[in-house]
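Dear colleague,

I am handing over the structure below, and my notes on what was found in it follow directly after.

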Amino acid sequence: TDFDSKKKRKVAEIYQALNSDPIDVAALRRMAISEGGLLTDEIRCKVWPKLLSVNTDDLPPLPAGKELREDNKDYQQVLLDVRRSLRRFPPGMPDDQREGLQEELIDIILHVLKRNPQLHYYQGYHDIVVTFLLVVGDRLATALVEKLSTHHLRDFMDPTMDNTKHILNYLMPIIDQVNPEVHDFMQSAEVGTIFALSWLITWFGHVLSDFRHVVRLYDFFLACHPLMPIYFAAVIVLYREQEVLDCECDMASVHHLLSQIPQDLPYETLISRAGDLFVQFPPSELAREAAQQQAERTAASTFKDFELASVQQRPDTVLRQRFRERLRGEERTKSVLTKPRTNRFVKLAVMGLTVALGAAALAVVKSALEWAPKFELQIFP
């Protein structure tokens with residue numbers, strides 16, 4: 001069938017990118033974002049480390065669980081959360097196998113926390129870790145989760161919720177750009193953004209019951225800017241426009257509706273749409289609205305992220321390319337732009353910068369549109 005031949009072609013392209021010297025990370029990103037994502041767990045084991053710049057030849061051995069658990073301040077909470085995580089394991093998995101994996105899950109979490117005392121455990125973290133454990137096994141999962149925790153998830157692992165709230169603050173401005181009516185309805189209902197908290201901090205792992213959908217989203221998020229999950233959250237709300245507008249305009253009703261995530265979402269369409277919105281309304285454009293409080297330090301403002309971004313051949317270029325190709329195919333008039341945009345070129349240059357800086361170094365970026373193109377050239381020679 002046509003689908004099978006497309007799939008075979010994609011597998012071949014992924015292996016070609018993996019085998020090229022140097023490895024073609026930009027192509028791997030494209031594969032992770034484009035339809036179907038990375039297709040199989042076997043491929044994910046090879047590609048996820050590349051998307052996170054993790055060297056798989058040099059994985060540290062895992063420490064024994066016993067020494068990790070003794071006097072660890074998070075142990076009791078982790079234990080409780082992991083015990084409650086039954087539904088995150090494939091249905092029909094034998095109990096003893098599941099219990100073994102739950103022990104590994106506890107060890108991975110405690111190991112990462114012990115090695116990174118600046119990170120604070122949060123409820124929902126185990127939902128992310130279990131996804132990696134089930135796909136790549138404990139040793140590789142430990143290395144990937146550690147990298148992820150010091151980068152994409154860094155803001156959720158602060159001592160306070162301030163940076164997490166700051167990221168949630170991007171949700172309404174994105175919705176407003178695309179559909180002011182839904183935005184105004186949600187504002188009138190005073191629903192806030194807490195309904196999306198568990199989506200964001202577990203990368204939807206906690207709320208989607210089908211594991212295939214979860215790993216498909218992880219392909220996408222690993223290949224993109226750390227703020228992509230909030231764009232995806234916005235796209236889900238926008239997709240449910242009619243249900244939202246038909247709802248009673250009060251906090252309880254709208255919150256109840258939105259926090260029940262439909263399981264039959266058209267994931268590929270929504271992933272595509274989230275990527276397009278990211279390109280049209282990059283974080284730098286939304287920062288002014290999102291920054292009700294100035295966040296001085298989020299994950300993304302640390303210098304490590306410059307390095308990471310340059311090593312990983314900025315994901316935004318991949319998204320932009322896809323978006324441009326699509327625009328050529330459609331008439332430009334049908335584009336989702338609902339508000340006049342100015343000076344796209346400069347803004348796209350700044351976007352390259354935001355991908356390096358991430359969520360809230362944008363305070364700097366937004367006042368500096370003029371020098372951004374020059375600045376970008378210095379970061380990425």
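Among contacts (heavy atoms within 4.5 Å) between residues at least 6 apart in sequence, 79% join residues at least 24 apart. Please keep in mind that this is a predicted model, in which local features need pLDDT of at least 70 and side-chain atom pairs count only at pLDDT 80 or more, while totals for chains, interfaces and linings use all residues. Residues are numbered from 1 along each chain as its sequence is written, and side-chain values use heavy atoms, with hydrogens and water left out.

The chain holds 23 helices and zero strands, both taken as DSSP runs numbered from the N terminus (helices H or I, at least four residues; strands E, at least two). Of its 381 residues, 56% are buried, that is, under 20% relative accessible area with a 1.4 Å probe, counting protein chains only.

At least three core residues come from each of domain 1 (2–150) and domain 2 (161–305), with bounds from an automatic or database domain assignment. Leaving aside neighbours within four places in sequence, F204 is in contact with W199, V214, L217, F221, P229, F232, A233, I236 and I261.

Helix α6 (residues 95–115) has buried residues that include R98, Q102, D107 and H111, together with L101, L105 and I106.

Best regards

How values were computed: Buried < 20%, exposed > 50% of the residue type's maximum accessible area, 1.4 Å probe, protein only.
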